[in-house]
Amino acid sequence: MGSSETVEVTGHLMDSGILSRILDDIRDYGGDYVIEQFDVGHEANDPSSARITVEAEDEESLQRLLMRLQTRGVNQIDPGEAVVGVAERDGVLPDGFYSTTNLETRIRIDGAWYDVENPEMDCGLVVLESPAGLRVRTVPMSDVQVGMRIVIGAAGIQVSVPDPDSGSDTYGQLVGDTPYDKPQAVLVRQVADEMRRTRAEGRKLLWVAGPGVVHTGAVPALVALIGAGFVDTLFAGNALATHDIESSLYGTSLGVDLSVTQGVEHGHEHHVRALNTVRKAGSIAQAVADGVVTSGIMHALVTHRKHYVLVGSVRDDGPLPDVHTDVIEGQRAMRAEIADVGYCLMMATQLHSVATGNILPATVPLVCVDINPSTVTKLADRGSNRGRGIVTDVGLFLEQLALELVPDYRRG
């Protein structure tokens, strides 16, 4: 073996399975290891710690391995100083760039430590000069510009894993722990408590929702939650907004009358006619102002002055004029809305949930609700550290959540 480094990790290493995954990562990356020291916590709530020497065949392989281990909260004993290179092309990071995690990150430059301003996974780190001194922030590959100073390799970098004991016990688990047989009323109550706490702290509640919210008849519940102040920002695609507006205009969702769950004559064309109506108005907000759209989720967001970001895909009809059809611009619009987010709820949408999980810091608790267990598993695989996955019908979940949070809510 050509290169080695000693690293350390602290936490609930045994019961969480983190140590096993760390050792698997080392082997998967073609490396080897020696556990130099392992201290097991004496009490159930005591953390354990391990010191491990990892080896790889060359320095480049070692740096890749160290970056991978940092996604598990593993840090070098002696991190040294960060190495900085220069971007030579727009949209291209330098070879060997540090690939970021969504964990709280610090970087040492010229003997001083700097906090990374906006932790986000799968980005680079750019070092900036400012009147107040050096700043370090994540930069998506698409936003790299020629001349940017980009961190290379894992030297000089430390990450911090969120303390699972710092908040409610609700969020001591990975989102991949999907409770099939746990009492849903208790889970809903826990989520409601966290939402109240987040609002009391003055932080934002971010929602990510798919068209299943409309198809399951959950629009009245979500509208009630918006009116009660439990929705600050919504991320969605063209489909949710289109079917919500179709429901407002025609009483159908994808041509199905939600009051009797049956298709109606010519219902297949309702969503296209709804799209055309809003495009004629010029925007969703203008359609609301004109009195064309008089109910539903989008109507509630506009009338209560809440923010929303709609990002489309290649399969979209229309789309609505508010939808970002350039996904890079859509990502930028989403990033602009995540400051001060204290809690995130993800409802019945895999792609938008994963996209949001990718840009959120690991410190933001989240709950992912979907009838499909693969959705919450997919989110866990992307490295979302603090969250709860609930496998259930999103309509029933939102109905219970509205009853819990909105005192005068009654199903219409």
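Residues are numbered from 1 along each chain as its sequence is written, and side-chain values use heavy atoms, with hydrogens and water left out. In this predicted model, local features need pLDDT of at least 70 and side-chain atom pairs count only at pLDDT 80 or more, while totals for chains, interfaces and linings use all residues.

A nonpolar core is a set of buried Ala, Val, Leu, Ile, Met, Phe, Trp, Tyr and Cys residues joined through side-chain atoms within 4.5 Å; buried means under 20% relative accessible area, with a 1.4 Å probe and protein chains only. The largest such core holds 53 residues, of which Met195, Trp207, Val213, Leu225, Ile297, Leu398 and Leu401 touch the most other members. Leu225 is in contact (heavy atoms within 4.5 Å) with Trp207, Phe230, Val231, Leu398, Leu401, Ala402, Leu405 and Val406, leaving aside residues up to four places away in sequence. A separate second core has 32 residues, including Ile52, Met67, Val74 and Val151.

A charge sits over a ring if NZ of Lys or CZ of Arg is within 6 Å of the ring centre and within 35 degrees of the ring normal. Arg106 lies over the face of Trp113, at 4.3 Å from the ring centre. Arg199 lies over the face of Phe230, at 4.0 Å from the ring centre.

Methods:
Buried means under 20% relative accessible area, exposed over 50%, partly exposed in between (1.4 Å probe, protein chains only).
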